[in-house]
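Have a look at the picture first, then read on.

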Amino acid sequence: MNLTETFAVLKPDLGVDTLPVTPEIYAELDTRYAQFKGHVLTSVYTFDRDWNSWERHPAGDEMVVLLSGDVTLVCETDHGEAPTRLSAPGDFVVVPRGVWHTARVAAGPAMMLFITPGEGTEHRPAST
């Protein structure tokens, strides 16, 4: 299996389910796992441009690992934006619970691994 084609869901009992990535994957996850309560999603995405939105995860911290490329992960703080550059494979950042964050791709494409507590995830558009 490959995480770009099959996501892994860590369940509260620490078992793992795998699901093929489809256009309906997030709706399926919400339905199958009761709005993702107590579950953690492990996924890989490739980006060739900056994210067009911000997101936050109120259920827990998210771990983001760079697999390839060069990305700046930006967290929103009370004092403004706090950027963290991820430029070598294996570089990672832990985004604290409830913190808005986005990514800016310095050199693409960039591939990143996400370990995400999905319950209650919110999105908002990035300013243009």
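Which residue in β8 is the bridge partner of Val40? The partner is Pro117. Keep in mind that this is a predicted model.

One step along, Leu41 stands opposite Thr116 in β8. Over on another strand, Val64 has Phe114 in β8 as its bridge partner.

Here is how the strands themselves pair up:

| Strand | Paired with | Sense | Bridges |
|---|---|---|---|
| β3 (residues 40-47) | β8 (residues 101-117) | antiparallel | eight |
| β5 (residues 62-77) | β8 | antiparallel | 11 |
| β1 (residues 6-10) | β3 | antiparallel | three |

Now zoom in on Glu76, which is found in strand β5. Is Glu76 buried, exposed or partly exposed? Glu76 counts as partly exposed because its relative accessibility is 32%, and that value falls between the 20% and 50% cut-offs.

Who does Glu76 meet? Leaving aside residues up to four places away in sequence, Glu76 touches Trp54, Val99, Trp100 and Arg124. Trp100 is 24 residues apart from Glu76 along the chain, yet their C-alpha atoms are separated by 5.4 Å. With Arg124, the link is a polar contact of 2.6 Å between the two side chains.

Technical notes
Residues numbered from 1 in each chain as written. Predicted model: local features only at pLDDT ≥ 70, side-chain atom pairs only at ≥ 80, totals over all residues. Heavy atoms only, no water. Pairing = 2+ DSSP bridges. Helix = DSSP H or I, 4+ residues; strand = E, 2+ residues; numbered from the N terminus. Buried < 20%, exposed > 50% of the residue type's maximum accessible area, 1.4 Å probe, protein only. Contact = heavy atoms within 4.5 Å. Polar contact = N/O pair within 3.5 Å; in protein donor to acceptor, adjacent residues only side chain to side chain.
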